[in-house]
Amino acid sequence: MGLEQELNELLEVEKFEPSAEFRAGALLSDPSVYAEASADPEAWWLRQATELLDWVQEPSQGLDASNPPFYKWFADGRLNASANCLDRHVEAGLGDRVAYHWRGEEGEERDVTYAQLLADVKRFANALKGIGIGKGDVVGIYLPMIPEVVVAMLACARIGAVHNVVFGGFSAEAVRERMEFSEAKALITVDGARRKGKTAPIKAPVDEQMGDLASLETIVVVRHTGIDCPMQEGRDRFYDELLEAADPECPPEPLDAEDPLFILYTSGSTAKPKGILHTTGGYMTGVTATHRYVFDIKPESDVYWCAADVGWVTGHSYIVYGPLSNGVTSVMWEGAPDYPHKGVWWENVARYKATILYAAPTAIRTFIKWGAEIPAEHDLSSLRLLGSVGEPINPKAWLWYHKVIGGERCPIVDTWWQTETGAIMITPLPGITATKPGSATTPFPGVGAEVMGESDGELIENGKGLLVLTRPWPSMLRTLYREEERFVETYFSKFGRETYLVGDAARRDEDGYFWVIGRSDDAVNVSGHLLSTAEVESAIVHHEKVAEAAVIGQSDEDTGQAICAFVTLVADVEPSDELVEEVRAEVAEHIGKLARPKRVIWADDLPKTRSGKIMRRLLRDIAEGRAMGDVTTLRDPAVMEELERKVAARRDEEG
Ligand code: 6R9
């Protein structure tokens, strides 16, 4: 029987129960944990906080809900995140355990132990103090997937500085914007970055953007590729020189549970990204508990690999804070999935005998396209658990992952969560939950999720609506950095101050399982990366020949959604292929290559309401080849007919 046929047969299976063997060895196998948590969520979280973390002063209380939606957790507790990630393991005699098996693009390897990581973090924390960084100061981090990124983050955490990591795939201009919004005092970056055998300068473009930023006092440069980079006297320092000169002793600063740990910018429905703020005690509790129980972590024997980038929240929570807090050994891979060859992920699994792999559906779909023969050339028998995150996973991809990568023996945890939630919210527990391909199943113990009617806010037991979280949870965002009103407006205005509006549409089935459908706001999810349509539009209109642009997300086989831009040119400019490339380059410059539109459609005019608002909803309809919704509010219905013809013509061209 061929693979295709086998997968089709598996499509008939409604539920996948955990095997008796997995259940027998699992940390959690008794479903009573759900009842226990929902009977008293606050007490349950408090127990997680005190059982799983080391506190300088244990919290006496769980939740402070006196001023919704400004919730506090464990407010009288004091702790330090870096001490929980490093010192406690080293003190327990586990200093020689590998924290990261790092592997670079060209096959170089570096095993970094917990003791080594701690030594570097202490020194770098002192170096940060030496350049004037103190508690509450914001430090930008713009680094590739190298161990130094972890050192930089934890050194901030050690002294109470607030890190603001920007994904390496974003442009220098996007970095500048995020440094400006957060008034960062220092930026830690790199000489250059490697991607598929090429080296791109990073420090030079950063300099061009950062020149006149008043708040930025220091730029620290990690020498990674060895390429020449400009250094500005008095402002720029090399990382290795700072480390070398620093005092090796640096006790962790005891912080209040509600002291900020980091800011991470994410796309919203306006062009300005949202600075999600996380605090120390609640975030550490959320990521430690979810990482431990969702991935069934056995720190003595597991080798865990989260194949995300540390620049996204998945990297923060499940490459850095969760795994280190649990004291497990991780794999850290610098490169792309197809360099030096398309089997490199599977080579990594076999090389390090990875037991757990956490990846995004977009990667899985790419591997499906490349063919099952490629993973088949490698020994994947060490794997015992698989995870998925970032976007809905279609059942076919789930089953392929289950069969080809997991050898039908590994439970799959499809984990739904967001930058805002800090930690996994809806997910199977691998020793308890029967999974259904394509469903993230049910809320993690202690989490309250519901689906609500869009217009009336009625609870929907079995059907489609808006996903909401109905109870505060420890790792929730506390605010949008310096935008308190926007925080309340975005998340706590539609259904009141005690109901968190997620921004996703979801369905609940007859078993109460959740099926997340996708965004219900103006965000687009490309390969698991959230982008704002408004942000892409504003990048496109930077082009001098562009008059106006409307951007939408279009379903895409490879990337989940792809960006499609409808663009109006200024008078007397003729569309051309060169202009398409210029528009794409404009987006790469302002945001990053990942945001470049896959399709640019030239429009003589855009569909607008009589009050002048662009009706993206109609553009989405024609882009998906659906019947157009209500057009009665359109100023000029002929505009849509014209665009519909163009979209259809493009579809024919692409076959
Ligand atoms: C962790 C992360 C959040 C958005 C979220 C949703 C989508 C994430 C998902 C999923 C379906 C899953 N999403 N996980 N959709 N199933 N398992 O990705 O954070 O970058 O903030 O994106 O991603 O739409 O709202 P973030």
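**Hairpin.** I began with the hairpin of β9 and β10, which has two residues between its strands, and found that Lys-196 there takes a positive phi near 50 degrees. Helices (H or I, at least four residues) and strands (E, at least two) are DSSP runs, numbered from the N terminus. The strands β9 (residues 192–195) and β10 (residues 198–201) run antiparallel and are joined by four bridges; I take two strands as paired if DSSP finds at least two bridges between them. Gly-192 has Pro-201 in β10 as its bridge partner.

**Basis of the entries.** The model is predicted, so I note that local features need pLDDT of at least 70 and side-chain atom pairs count only at pLDDT 80 or more, while totals for chains, interfaces and linings use all residues. Residues are numbered from 1 along each chain as its sequence is written, and side-chain values use heavy atoms, with hydrogens and water left out.

**Seven-stranded sheet.** Next I traced an open sheet of seven strands with mixed pairing, in the order β5-β4-β17-β16-β18-β19-β20. Its edges are β5 (109–113) and β20 (412–414), each of which has a single partner strand, so one side of each is left without a neighbour in the sheet. Direction ignored, neighbouring strands of this sheet are turned by 20 degrees against each other on average; the axes are lines fitted to C-alpha atoms, for helices over the stretch in contact, and angles run from 0 to 180 degrees between N-to-C directions. Within this order I looked at β18 (residues 356–359) and β19 (residues 385–388), which pair in the parallel sense over four bridges, with Leu-357 standing opposite Leu-386 in β19.

**Four-stranded sheet.** Another open sheet has four strands in the order β21-β22-β24-β25, and its pairing is antiparallel. Here β21 (449–452) and β25 (514–519) stand at the edges with a single partner strand each, so one side of each lacks a neighbour in the sheet. From one strand to the next the twist averages 45 degrees. I followed β24 (residues 500–508) to β25 and found five bridges between these antiparallel strands; Arg-508 stands opposite Phe-514 in β25.

**Ligand.** Which residues come nearest to the ligand? Of the 17 residues around the ligand, these are Asp-414, Thr-415, Thr-419, Asp-504 and Arg-519, where a residue is near a molecule or strand if one of its heavy atoms lies within 4 Å of it. For polar contacts I used pairs of N or O atoms within 3.5 Å; within protein, one must be able to donate a hydrogen and the other to accept it, and residues adjacent in sequence count only if both atoms are side-chain atoms. A polar side-chain atom of Thr-419 is 2.6 Å from an oxygen atom of the ligand, a polar side-chain atom of Asp-504 is 2.8 Å from an oxygen atom of the ligand, and a polar backbone atom of Glu-391 lies 3.4 Å from a ligand nitrogen atom. Taken alone the ligand exposes 530 Å², of which the protein buries 97%; accessible areas come from the Shrake-Rupley method with a 1.4 Å probe, and for residues only the protein chains shown count as cover. The elements that give two or more residues to this shell are α12 (313–325) and β25.

**Helices.** I then checked Val-313, placed in helix α12, and found this residue buried, with a relative accessible area of 8%; buried means under 20%, exposed over 50%, and partly exposed in between (1.4 Å probe, protein chains only). Val-313 and Thr-266 are 47 residues apart in sequence and 9.1 Å apart in space, C-alpha to C-alpha. In helix α13 (residues 344–352) the buried residues are Val-344, Trp-345, Trp-346, Asn-348, Val-349 and Tyr-352, and the helix is followed by Lys-353, whose phi is positive, near 50 degrees.

**Backbone exceptions.** Most residues other than glycine have a negative phi, and most peptide bonds are trans. I noted a cis peptide bond from Pro-68 to Pro-69, with omega near 0 degrees, and Pro-69 lies in the loop between β1 (63–64) and β2 (72–73). The bond from Tyr-339 to Pro-340 is also cis, with omega near 0 degrees, and Pro-340 is in the loop between β17 (329–333) and α13. Asp-572 has a positive phi near 70 degrees and is exposed, with a relative accessible area of 79%.
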